[in-house]
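Here is a short report on a structure. Please look over the sequence and the model before reading on.

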Amino acid sequence: MAIVKATINGMEVEVQSGTTILEAAKKIGVRIPTLCHLNLEGTGIVNRVASCRVCVVEVEGRPALAPSCAEKITNGMVINTNSTRAITGRRMAVELLLSNHPQDCLTCAKNLDCELQSLAQELGIREIKWQGEKMDYPIDKSSFSLIKDPNKCIMCRRCETVCNEVQTVGVLSGINRGFNAFVGPAFNLDVANTACTYCGQCVAVCPTGALTEVNDVGRVWRVLNNPDKHVVVQVAPAIRVAIGEMFGMESGSVTTGQLAASLRKLGFDGIFDTDFAADLTIMEEASELVHRIKHGGRLPMLTSCCPAWVKFFEHQFPDLLDIPSSCKSPQIMMGSIVKTYYAEKKGLDPKDIVVVSVMPCLAKKAEATRPELTKDYNNDVDLVLSTREYGAMLKEAGVQFDQLPEEDFDHMLGESTGASVIFGTTGGVIEAAVRTAYEWITGEELDDVEFHALRGLEGIRSATIKVGDMDLNIGIAHGLGNARKLLEDIRDGKSQYHAIEIMACPGGCIGGGGQPYHKGDMEVIKKRQEAIYKEDRSKVRRKSHENTEIIKLYEEFLGEPYGHKAHELLHTYYIPRETI
Amino acid sequence: MSNYRMHVMVCAGTGCEAAESKIIIENFKEELKLKGYDQEIQVVKTGCFGFCGQGPIVKIQPDNVFYVKVTPADVKEIIEEHIIKGRRVERLLFEDPKEKVKLEKHDNMDFYKKQYRIALRNCGFINPEDIEEYIAFEGYEALGKVLTEMQPEDVIEIVKASGLRGRGGGGFPAGVKWGFTKNSPGDEKYVICNADEGDPGAFMDRSILEGDPHSILEAMAIAGYATGANSGIVYIRAEYPLAIKRLEIAIDQAREMGLLGENIFESGFDFDIILKLGAGAFVCGEETALIHSMEGCRGEPTKKPPFPAESGYRGKPTTVNNVETLANVCPIILKGSEWFSSIGTETSKGTKVFALAGKVNNVGLVEVPMGTTLREIIFEIGGGICDGKKFKAVQTGGPSGGVITEKDLDTPIDYESIKEIGSMMGSGGMIVMDEDNDMVEIAKFYLDFTQDESCGKCTPCRIGTKRMYEILERLTNLEGDMEDLEKLVDLGNMIKDTALCGLGQTAPNPVLSTMRYFPEEYEAYAKREKTKSYRIDPEKCIGCTLCAKACPVNCITGKVKEAHVIDESACIACGACFTVCKFDAVIKP
């Protein structure tokens, strides 16, 4: 590629042709504020609609200011990022946005996490010059996962880009025009009446409070304060590598011990690890895979841990409902076991037990309400908090998370292996399954448990693993758009895979819609992934079927993996849904 | 045509059709048949004659007599008097507003005298629903010439040399545009005709499509040959049903005759055209938004570059030309680039069609050579201002342009000069205002249009134009102040500087230009010197009571033959009193 030269604020810069002004400026240490722009490098999530006009700069010889996020450097360009004209244009864009914003910052869910708020601070805006009508639309609270407040929408279109181009769900798009324009489902339908998967990636990228999670913190406090309830909690693998970010810890800090300690501080009666349930999932899923391979069952088999993915295929591929594994997700398996095995062991009435989950995910909130995932009219999982909500609870309770001593999870449902912790990232579920399936199929011990071919952050990956005489073809996709490609291949009869792992979010659960906001910084997600593998390496046991509490659970209660009782408690079915 | 001794040409453009020209045509046919003349005299349904303010228009050939404001009831008289007895129907002839004499030939009318018709050459002369009539007027000769005698490069060279520039408003050289598309690599290429005409009051594209659809189809095929495209698409707003119908008929007829389709003129060149109907969003006239709309996406502009010539419809190299631009192509091919470039000014060649409207005597479509002055257009062709009022300003360029005042009326109009005097050519809307027009209200009207038509994509246009409109509302409600005027200028300039597309960047123009030329009108509002209600000048009022009778809210009181008074708190400013007063005693707010 050709090299082009330009001048930015009097400094010479040499870049590859095709580089934007924003990228070139960054290279020489010039910061240009942005708002609608988003580039999660390596994931394909790029929003470059140039709509907010916050990043405008002056290009000599041009009649109008240019959006630096989208304008490419050409030879000889003379650019001023901080001329009075550029700053005035930028300020006015932000002032205009603020003039049509509710400005309820103090009570907004995004307070201190809002990019518009930060920008107003950065530009030193102390007065909003333009007063006038503000948008006044009803807030969509129809779903269990997310809340959509059109009045806070600034038309940055990040959510739309993610929903359409990355996830290919196609629920969100610009509606109305002019001053009345905002992003929402067609005909401004309630989210609950659409094909939304609740993946929450729209929430993850929304710069303002227009898209936020349904907040369940109050409900959790209430059950914790109810002496008649026995409240147990489980935390998903991806929480431990992310929650530290909310307490000033570096991205990628592994905080498993502090997490267990913090849960105890809040007064939960049982402190359990979803990792345990992930090991249990592997017992079932690996059994199902071995069963399908040995008995000529439907292949490939697709993982079913991710509830956004489950809802996606129910809407988009209702003809392929026999492809995914019938395993419930680890969160729901944990709920089932708590309300049966644990209740029995503790002599508790399941009705008095409340299962709270802390999940990196917003789809988990909706998943917990699915009618078929209940036992005896009692939800397997009762309340779901996102990582962010749990962090907020800790802050509210004055728990200094970063200073907590490391503690263990409670026994019975607290032990976990390295195989389960890697559930938190793309490629992890299938790697964990392979570790177990390998030993079960070959009867040999697996020495090197790390399958590096399955790791990484590319959207679609594939690998062939030698399992005895058999070549096991494995496909992996993260991001629903990538998943769609693999599904279409299956529908067309072109798929050569035996097993496919799918996670809806970029990077897997570490990049989930309920995680601390990454604010467009891909490094954060990469560090979380590194931390996941670090945690795996630190474990004594790294294969799910070696988890002693799991072995005991089967001996004492479940019987055979993939057996009768396991089917009753740990497996589910899927429902064809309409596409809107 | 030669079998008939006489032709009755009846305008069937949208304006005249709305005034029952369809029935006029029916009546002519029936009546002629009844009288036994249907084999001698042909009734021809034509496109727009351009003199829309005088419609429905009926022209009798070869007598070259031009009847105006004809009603279905007049048909019998025209037949009996003119056709049978050879006498003119005096009362249906056009009366010159200045000389007050009846004129029977259109060539003698001021409205037509100074016009030079290239784009509108066939409008009003041929039946747009009959391809043979088009062919009789050199139709498809240019395409034949291009396909059999010329290389694509030669075609582009001729168009370049002619100096033809985009008539949609941008003024980009058409030949250069074609050259870009030709040189862009691509397995498929497209020619799009932009027929998303949306300026309030502008209808030149519609009239061309209604009156001479084949000229556009032929030019598109030529553009296709020149640029390497085999597919053409006309993006036309669904609100133009008659133009759509005529285009459909024209496409079918051209296909039937092998003038569209495969191997045209046995040259090996294939070209076909389809229509895409738009929902009428103004912003879809912007070429990137138009392309997105065609692709089934939200009609929103995207940043250029990439230009459509590199990556357009379906990501393929695409030429987007406006209707009027295309209408000039065939004459250029047939008569040569030198002929075309001899018309007009140094930088702007050929003619421009304007939709002349507002407070001017002769309302209609006007095609004049570039370089004609506004004074010629308004006062000679347009016949001056209605009711002898004083000229105040003329808005060109529609909601993207600005006002031009008395002092600039003698500027020869071309793309550059009109910009220099603070407006723009735009697509050709021309609204004339007289002394009674309130310039703040005019600016508010245009801004209301643009803020309503904004797609909402970029912040300055979505929120900025709304805030500007709100300031104007505040001012006209007498709730504003002088600081609001500063804000208007700041905001207007910022929107021009930061908006994403042409619509946003030009939206503040009507406000900024009226502020520039009529600051005192804005100040009068800001200082609240204006009143919201009408008032009566007691010196002029003679107490005729007409106003009191006309007032719908009964807020005018006064005894007969004594000066009347308006209760300002009850006045709804409807203007009924102003209209009925014969003594100029009512003062506007």
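## The largest cavity

In this predicted model, 27 residues line the largest cavity. Those nearest its centre are A:Cys305, A:Cys306, A:Lys364, A:Phe423 and A:Cys509. Four elements of chain A each give two or more residues to this lining: helix 8, helix 9 (307–316), helix 10 and strand 21 (499–503). Strand 21 of chain A gives the most, with three residues.

The largest cavity holds about 300 Å³ of space. Its lining divides into 19 nonpolar, six polar and two charged residues. The structure has eleven cavities of 30 Å³ or more.

## Helix 8 against helix 10

Two of the helices that line the largest cavity, helix 8 and helix 10 of chain A, also pack together. Helix 8 covers residues 274–294 and helix 10 covers residues 330–346. Their axes lie 8 Å apart, at an angle of about 100 degrees. An angle of 65 to 115 degrees counts as roughly perpendicular, so helix 8 and helix 10 of chain A are roughly perpendicular to each other.

Which residues meet in this packing? From helix 8 of chain A come A:Thr274, A:Phe276, A:Ala277, A:Ala278, A:Leu280, A:Thr281 and A:Glu284. They meet A:Pro330, A:Gln331, A:Met333, A:Met334 and A:Ile337 of helix 10 of chain A. By class, the contact between these helices has eight nonpolar, three polar and one charged residues.

## The second largest pocket

The second largest pocket has about 1,100 Å³ of space. Its lining takes in 37 residues. Nearest its centre are A:Val49 and A:Glu165 from chain A, with B:His292, B:Thr302 and B:Lys457 from chain B.

Which elements give two or more residues to the lining of this pocket? Chain A supplies strand 4 (45–47), helix 4 (158–166) and strand 9 (172–175). Chain B supplies helix 12 (287–294). Helix 4 of chain A gives the most, with four residues. By class, the lining of the second largest pocket has twelve nonpolar, 13 polar and twelve charged residues.

## Domains of the two chains

The domain assignment of chain A gives domain 1 (3–99), domain 2 (137–213) and domain 3 (218–570). The C-alpha centres of domain 1 and domain 2 of chain A are 27 Å apart. Their contact takes eleven residues from domain 1 of chain A and ten residues from domain 2 of chain A.

For chain B, the assignment gives domain 1 (6–113), domain 2 (131–339), domain 3 (351–426), domain 4 (439–526) and domain 5 (531–589). Between the C-alpha centres of domain 1 and domain 4 of chain B, the separation is 45 Å.

## Backbone details in chain B

Where are the cis peptide bonds? One runs from B:Gly55 to B:Pro56, with omega near -10 degrees. B:Pro56 sits in the loop between strand 2 (41–46) and strand 3 (58–61) of chain B. Another runs from B:Pro305 to B:Pro306, with omega near 5 degrees. B:Pro306 sits in the loop between helix 12 and strand 11 (318–322) of chain B. Helix 12 of chain B also gives residues to the lining of the second largest pocket.

B:Leu478 is a residue other than glycine with a positive phi, near 60 degrees. B:Leu478 lies in the loop between helix 19 (459–476) and helix 20 (482–498) of chain B.

Terms used
Residues numbered from 1 in each chain as written. Chains lettered and ligands numbered in written order. Predicted model: local features only at pLDDT ≥ 70, side-chain atom pairs only at ≥ 80, totals over all residues. Heavy atoms only, no water. Domains from an automatic or database assignment. 1 Å grid on protein atoms, 1.4 Å probe; cavity = no way out; pocket = protein on both sides within 12 Å on 5 of 7 lines; lining within 4 Å. Points joined across faces, edges and corners; volume = space filled by probe spheres on them. Nonpolar A, V, L, I, M, F, W, Y, C, P; charged D, E, K, R; others polar. Axes fitted to C-alpha atoms, helices over the stretch in contact; angles between N-to-C directions. Parallel < 35°, antiparallel > 145°, perpendicular 65-115°, else oblique. Contact = heavy atoms within 4.5 Å.
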